[in-house]
Amino acid sequence: MKTEKVILEVKNLKKYFRVDSRRVLKAVDDVSFQIYEGETLGIVGESGCGKTTCGRTCIGVYDKTDGQVLYRGQDVHQMNKVQKKEFTKQVQMIFQDPYSSLDPRKKVHDIIAEGMRIHHLVDSGAQEVEEVQKLLLQVGLNAEHASRYVHEFSGGQRQRIGIARALAVNPEFLLCDEPISALDVSVQAQIVNLLVRLQKERGLTSMFIAHDLSMVKHISDRVGVMYLGNMVELAASRELYRNPLHPYTQALLSAIPIPNPEIEKNRKQIHLAGEIPSPMNPPKGCHFCNRCSRAKDRCRMEAPVLREVEPQHYVACHLQ
Ligand code: SF4
C-alpha cells in the first residue's frame, strides 16, 4: 500500500567512472527522485542509459561521485557499521542473471538460509528448515526443492530461488535489477506476477529496473525514463503511457505492439535517428539532441532541467 512517506530520496546523484587518465564515463549525471513507502518505481531506458548504475549507487553497492542518497533520512554512503548491517537487511537485491547470482556449490536451502543466519533471524535448525520451506512455497516452488542444487532448475525457477533468498531476511525494500530480461518471454510474465503479488502481500517498496517499457507498466506505480545518465521523464505509470511528453519516451512507447489488431494496424512507430552517443562523450546541451527530430538550436547549447510540467509529471525538455 503506497503512502506519502518518502523512503528513498535521491538528490543530484552523480556516478562517474574514470576510464583512463583522460576519459570519464558519466553513467549517472545529476539525477534526483524520490520513492514513497509501499510503491514500485520503474526505471527504464536502453542499455547503457545508467539505470543499473543508478540503482546500485542508490543502495550503496557503488560509491557516489556526488550528490546524496537518503534512506529513511539516513545517508546511504555515510552509514556506520551498525547502520550498514541493518540497511543490508532492509534492502535486498534481485539480480538480472539468476544463472550467475546463485552459488552452484550450495544447496537451495543454504542459499536461502544464508541471510537468516547472518542476521540471526532463526533460533534453531528446525525453525530454519520451516522458514526456508515456507519461502519456497511462497515463490511457487516445493519444499523438496530445498535439497537440490541450482543447476537442476530452469531459469524461471532459479529466479524464484533468488526472490526467496531476498525475502528470507524480511526486507522492506527490493532493488529488482532487470530480473526478467534473462528469462524466456513465456516465463517473464509469471515472474512479474509473482513480484506484484509478493509486494502486495508484504507491503514492499521497490525499484524495478528494466529496458522493456511494456513489462514495467504492469508492476510500477510510477515510471522514470533515463537516457544517457539523465532522468528525462517521471510520472505515474498510467499518465506516462497515456500522455508521454518527452520525445524519447514517445519513441520508446511507439515501439510497443498493441494487442488490438484494429489499433495495431494504425500504430506509427517513431524511428530514432542515429546511435546512442557514448556516455564518455555525450552531446552538449540536451543529451538526446542528436536523435531528436524536434531539436532546436537551444537544445544543442543548453541542457534541459527535469521540471514539473503537469501535476506530478516531470519532463526534461525545452519544448515543455
Ligand atoms: Fe528534443 Fe530539444 Fe526536447 Fe532535447 S530538449 S528532447 S533535443 S526538443
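Trainee: Is strand β10 mostly covered or mostly open, and how many of its residues are buried?

Mentor: Strand β10, residues 230-236, is mostly covered, with 6 of its 7 residues buried. Buried means under 20% relative accessible area, exposed over 50%, and partly exposed in between, with a 1.4 Å probe and protein chains only. Strands are DSSP runs of E with at least two residues, helices are runs of H or I with at least four, and both are numbered from the N terminus. Keep in mind that this is a predicted model: local features need pLDDT of at least 70, side-chain atom pairs count only at pLDDT 80 or more, and totals for chains, interfaces and linings use all residues. Residues are numbered from 1 along each chain as its sequence is written, and side-chain values use heavy atoms, with hydrogens and water left out.

Trainee: Thanks! Which strands does β10 pair with?

Mentor: β9, residues 222-227, pairs with β10 in the antiparallel sense over 6 bridges. β10 also pairs in the antiparallel sense with β12, residues 313-315, over 2 bridges. Two strands pair if DSSP finds at least two bridges between them.

Trainee: Which residues stand opposite each other there?

Mentor: G224 stands opposite L234 in β10, and E233 stands opposite V315 in β12.

Trainee: And what is in the turn between β9 and β10?

Mentor: The two strands form a hairpin with 2 residues between them, and L228 in the turn has a positive phi of about 50°.

Trainee: New topic, the sheet with β1. What is its strand order?

Mentor: The order is β2-β1-β4-β5, an open sheet of 4 strands with antiparallel pairing. Its edge strands are β2 (24-36) and β5 (74-75), each pairing on one side only. β4, residues 66-71, pairs with β5 over 2 bridges, and Y71 stands opposite Q74 in β5.

Trainee: On to the pockets. How much space lies in the largest pocket?

Mentor: About 530 Å³. A pocket, found on a 1 Å grid over the protein atoms alone, is an open set of points with protein on both sides within 12 Å along at least five of seven lines; a cavity is a set where a 1.4 Å probe fits but cannot get out, and lining residues have an atom within 4 Å of a point. Grid points are joined across faces, edges and corners, and the volume is the space filled by probe spheres set on the points.

Trainee: Which residues lie nearest its centre?

Mentor: D30, M231, V305, L306 and A316, out of 26 lining residues. β2, β9 and β10 are the elements giving two or more residues to that lining, and β2 gives the most, with 7.

Trainee: What about the ligand, where does it sit?

Mentor: The ligand sits in the largest cavity, which means that more than half of its atoms lie within 2 Å of the cavity's grid points. Of the 13 residues around the ligand, C286, C292, C299, C317 and H318 come nearest. A residue counts as near if one of its heavy atoms lies within 4 Å.

Trainee: Last one: is H120 buried or exposed?

Mentor: H120 counts as exposed because its relative accessibility is 63%. H120 is found in the loop between α3 and α4 (125-138). H120 and V169 are 49 residues apart in sequence, with 9.4 Å between their C-alpha atoms.
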